[in-house]
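Dear colleague,

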Amino acid sequence: MTSATQGTTIPKGQDEKSEKIMVYTSTSLYWGEVVVKEVIRVSTWLRTNAAPDRITLYNASGIIATTAVNTKPLKFGELNIPLSQIYAYHLMPPARDPLDFDPTEPNRRMESVTALVSTFIIKGSLRLSTNSDLKKYLEVTRESFTAIYDAEITNGVIPSLGPITVPFVLVRQDTTTFAKR
């Protein structure tokens, strides 16, 4: 067992670790610590068969991201979010995982895109085949979560959140609107 800074004890086994993540839903932004097995790469976790039906954030905070009226964070010792409600997520900066691809792989390129996820605007790049474009990629790929690299995330309703810059963010493909930049 490990004690967290906000006071809630995080249940963690010997073969487990905790990582801080940020989770985006249709109405909110949450951040806190998640517990996973040591072998899990948290930044790509929800793309794997090890993804749970619900994630638990410990020592979590959150804001309602659909109104700028009251942006004071809500605090939770434990917050359980159904996977179906997660529109995007990433490691909390400055944490980062190694790239999940080989940058020297032939026949691949980066395509500049803007992803609209609820009230969040994510500018970054998709990794595509050299013979593909955004439209073809979205027609062919059937993954639940798509990676956007070198991402800058802002909120159209709450500009005071400022930009969040991350090496990559996973977005739920069926709740994201994609645009070419």
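Which residue in S9 is the bridge partner of Arg108? The bridge partner is Ser129. The model is predicted, so to speak of conventions first: local features need pLDDT of at least 70, side-chain atom pairs count only at pLDDT 80 or more, and totals for chains, interfaces and linings use all residues. Residues are numbered from 1 along each chain as its sequence is written, and side-chain values use heavy atoms, with hydrogens and water left out.

The sheet

Strands here are DSSP runs (E, at least two residues), numbered from the N terminus, and two of them pair if DSSP finds at least two bridges between them. Ten strands form an open sheet with antiparallel pairing, in the order S6-S5-S4-S3-S7-S11-S10-S9-S8-S12. Strand S6 (74-82) and strand S12 (177-180) stand at the edges with a single partner strand each, so one side of each is left without a neighbour in the sheet. From one strand to the next, the twist averages 35° (axes are lines fitted to C-alpha atoms, and angles run from 0 to 180 degrees between N-to-C directions).

Strand S9 (residues 120-129) is mostly covered, with seven of its ten residues buried (buried means under 20% relative accessible area with a 1.4 Å probe, protein chains only). Ten bridges join S9 to strand S8 (residues 108-117) in the antiparallel sense. These two strands form a hairpin with two residues between them, and Ser118 in the turn has a positive phi of about 55°. S9 also pairs with strand S10 (residues 145-155), antiparallel and over five bridges; there, Ile122 has Ile153 in S10 as its bridge partner. Elsewhere, strand S5 (residues 54-64) and S6 run antiparallel and are joined by eight bridges, with Gly62 bridged to Leu74 in S6.

A buried loop residue

Thr25 lies in the loop between strand S3 (16-24) and S4. Thr25 is buried, with a relative accessible area of 6%. Leaving aside residues up to four places away in sequence, Thr25 touches Tyr30, Ile81, Gln85, Tyr87 and Ser118 (contact means heavy atoms within 4.5 Å).

Pockets and cavity

On a 1 Å grid over the protein atoms alone, a cavity is a set of points where a 1.4 Å probe fits but cannot get out, and a pocket is an open set with protein on both sides within 12 Å along at least five of seven lines; lining residues have an atom within 4 Å of a point. A volume is the space filled by probe spheres set on the points.

The largest pocket has a volume of about 180 Å³. Its lining includes Arg47, Asp100, Glu105, Arg108 and Tyr149, and S9 and S10 each supply at least two of the lining residues. By class, this lining has five nonpolar, no polar and six charged residues (Ala, Val, Leu, Ile, Met, Phe, Trp, Tyr, Cys and Pro count as nonpolar, Asp, Glu, Lys and Arg as charged, and the others, Gly among them, as polar).

The second largest pocket has a volume of about 160 Å³. Among the residues that line it are Val34, Trp45, Pro52 and Tyr58. Its lining has nine nonpolar, one polar and two charged residues.

The structure holds one cavity of 30 Å³ or more, and about 60 Å³ of space lies in the largest cavity. His90, Arg96 and Phe168 are among its lining residues. S11 gives the largest share of that lining, three residues.

With kind regards

Key:
Buried means under 20% relative accessible area, exposed over 50%, partly exposed in between (1.4 Å probe, protein chains only). Helices (H or I, at least four residues) and strands (E, at least two) are DSSP runs, numbered from the N terminus.
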